[in-house]
Amino acid sequence: MLPQGTKVLCALSGGADSVALLHFLSEMEGVEVAAAHYNHCLRGSESDADEEFVRALCERLGVECITGKGDVAAYAAESGKSTEDAARTLRYKFLEKTAHELGCSRIATAHNADDNAETVLLNMTRGTGLKGLCGIPPVRGDIIRPLLQTTREEIEAYLASNELEHVEDSSNKLDDYSRNRIRHHVSPVLRQLNPSFAGAVARMTESLRADEEYISFAAEEFIQREADGNSVGVESVMALESAVRMRVFRLMHGAELSAAHCRAIENICLVHSVHAYADVPGMRVKREFDRLIFGAEEAERIERREIVPGERLVVPQAGIEISCEYIPSCAEIHKSLNTFFFKSENICGKIFVSSRCEGDKIRLAGRNCTKSLKKLFSEAKMELNERKSCPIIYDEAGPIGVPGFGTAQRCAAGAGDNCIAVKIKKIDEDE
């Protein structure tokens, strides 16, 4: 946690745990220590008194002290967070900012073994998985918790032996917060069953963290090997053990997902349909044939736009430009899947472009059958977004040209016919 030469910022509330931590760090050789105190402004004059205590303590120990404050109650009301979450958010922002300004590569917080046990119990009441049973991580990025395997009893003994004073937060005596209720009513019963309960939980979480790290490593390895950008193969991910698969889903999503959300993603892999989706917090996960796509954006539908001979039409939704010209007695018909030659007298009314409409059918030149555009696209294994952004050429009687597939038989032109030529090209293509 603290290699020689490290400069560490100690989060200092003034309570027993943080005072013990600051003193312990200040006694270490080869480590430079600074302290940071955040006044949450929740307890009026008591909060201000804690700030003064912290300043005086740091002065006695010869430790640089930075203080900050914020209106946690106002922020909680504004953000919709609980008071605890609001306080944590503002406090950590302040700690990270202060660490950066002071050049500290580590931030030390005073979470202890009893805090860890309480966290595990809280997580259990919420129906946690393995990660929640691992409790508070000893290291998370640049945040370290040197006292995580030290019990509150040991901390109090350390304070007494070093004649160190500390302050008591009066709100810790209230049952207003879930953690306090666990601390006051649940933990004492468990300590009656096992006086070393906090230490036992510390050993359990250390063991479970090793299991969690192994499973997470297997998931990361799979993603490095199998992922293509934001997608993975349906068959390969479903061949994984369930525990690894759930972590793959969470890593591909980029944030924590509940077991229910992971099952929703799993279900779209199991259905017979090759097109399915699951909406999870912050994104849509889509199945397209044999790929599972995380965060695929919905393509914008192309609304009807008229195509006029002699004019160019830009269709930004599809990233294309359409040019159109009238060619009397066209001498040569070029065969291309993106350039269409329509016999002008067979065109019904105006020509326009749009995304396909439900039920559209076309009889392509050279094919002795009529098919729905849906079936054409399905046979070509086109993804849903590709289908939505595919620019279909219509006249008033229906589809007459489908890029990549061809021209409708009813208006296909031959050499010598009066033609309307429609050319589609990507906007970034050269002329």
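**Close-up views of a predicted model**

View 1. Glu325 is found in strand S13, where strands (E, at least two residues) and helices (H or I, at least four) are DSSP runs numbered from the N terminus. The model is predicted, so that local features need pLDDT of at least 70 and side-chain atom pairs count only at pLDDT 80 or more, while totals for chains, interfaces and linings use all residues. Residues are numbered from 1 along each chain as its sequence is written, and side-chain values use heavy atoms, with hydrogens and water left out. With a relative accessible area of 47%, Glu325 is partly exposed; buried means under 20% relative accessible area, exposed over 50%, and partly exposed in between (1.4 Å probe, protein chains only). Not counting residues up to four places away in sequence, Glu325 touches Pro309, Gly310, Cys419, Ile420 and Ala421, a contact being heavy atoms within 4.5 Å.

**View 2. Ala318 in the loop between strands S12 and S13.** Ala318 is placed in the loop that runs between strand S12 (312–315) and strand S13 (320–327). Its relative accessible area is 13%, and therefore Ala318 is buried. When neighbours within four places in sequence are left aside, Ala318 is in contact with Ile302, Ser389 and Lys426. Ile302 is 16 residues from Ala318 in sequence, and the two C-alpha atoms are 7.4 Å apart in space.

**View 3. Glu212 and Ile215 in helix H9.** Glu212 lies in helix H9 (residues 197–226), and Ile215 lies in helix H9 as well. Glu212 is buried, because its relative accessible area is 10%, and Ile215 counts as buried at 18% relative accessibility. Leaving aside neighbours within four places in sequence, Glu212 is in contact with Leu130, Lys131, Cys134 and Arg247, whereas the contacts of Ile215, with neighbours within four places likewise left aside, are Leu130, Ala243, Val244 and Arg247.

View 4. The structure holds 26 salt bridges, each being a side-chain nitrogen of Lys or Arg within 4 Å of a carboxyl oxygen of Asp or Glu. Arg43 forms one with Glu46, the closest N and O atoms being 2.5 Å apart; Arg43 counts as partly exposed at 23% relative accessibility, and Glu46 counts as partly exposed at 24%. In the salt bridge of Glu358 with Arg356, the closest N and O atoms are 3.9 Å apart; here Glu358 counts as exposed at 66% relative accessibility, whereas Arg356 counts as buried at 16%. The side chains of Glu379 and Lys371 also meet in a salt bridge, at 2.8 Å from N to O, and Glu379 counts as partly exposed at 44% relative accessibility. Asp115, Glu118, Arg152, Arg179 and Arg183 are linked in a network of salt bridges.

**View 5. A negative surface patch that includes Glu153.** Glu153, Glu154, Glu156 and Glu168 form a negative surface patch. Patches are made of residues with over 30% relative accessible area and no salt bridge, like charges being joined within 9 Å and nonpolar side chains (Val, Leu, Ile, Met, Phe, Trp, Tyr) within 5 Å. Lys and Arg count as positive and Asp and Glu as negative, while His and the chain ends are not counted; the place of a charge is taken as NZ of Lys, CZ of Arg, CG of Asp or CD of Glu. Accessible areas come from the Shrake-Rupley method with a 1.4 Å probe, and for residues only the protein chains shown count as cover. Glu153 has its place in helix H7 (residues 152–161) and counts as exposed at 63% relative accessibility.

**View 6. Positive phi at Phe289 and Ser329.** Phi of Phe289 is near 55°, a positive value in a residue other than glycine, and Ser329, which is not a glycine either, has a positive phi of about 45°. Most residues other than glycine have a negative phi. Phe289 lies in the loop between strand S9 (283–288) and strand S10 (291–294), and with a relative accessible area of 14% Phe289 is buried. Ser329 is found in the loop between S13 and strand S14 (339–343).
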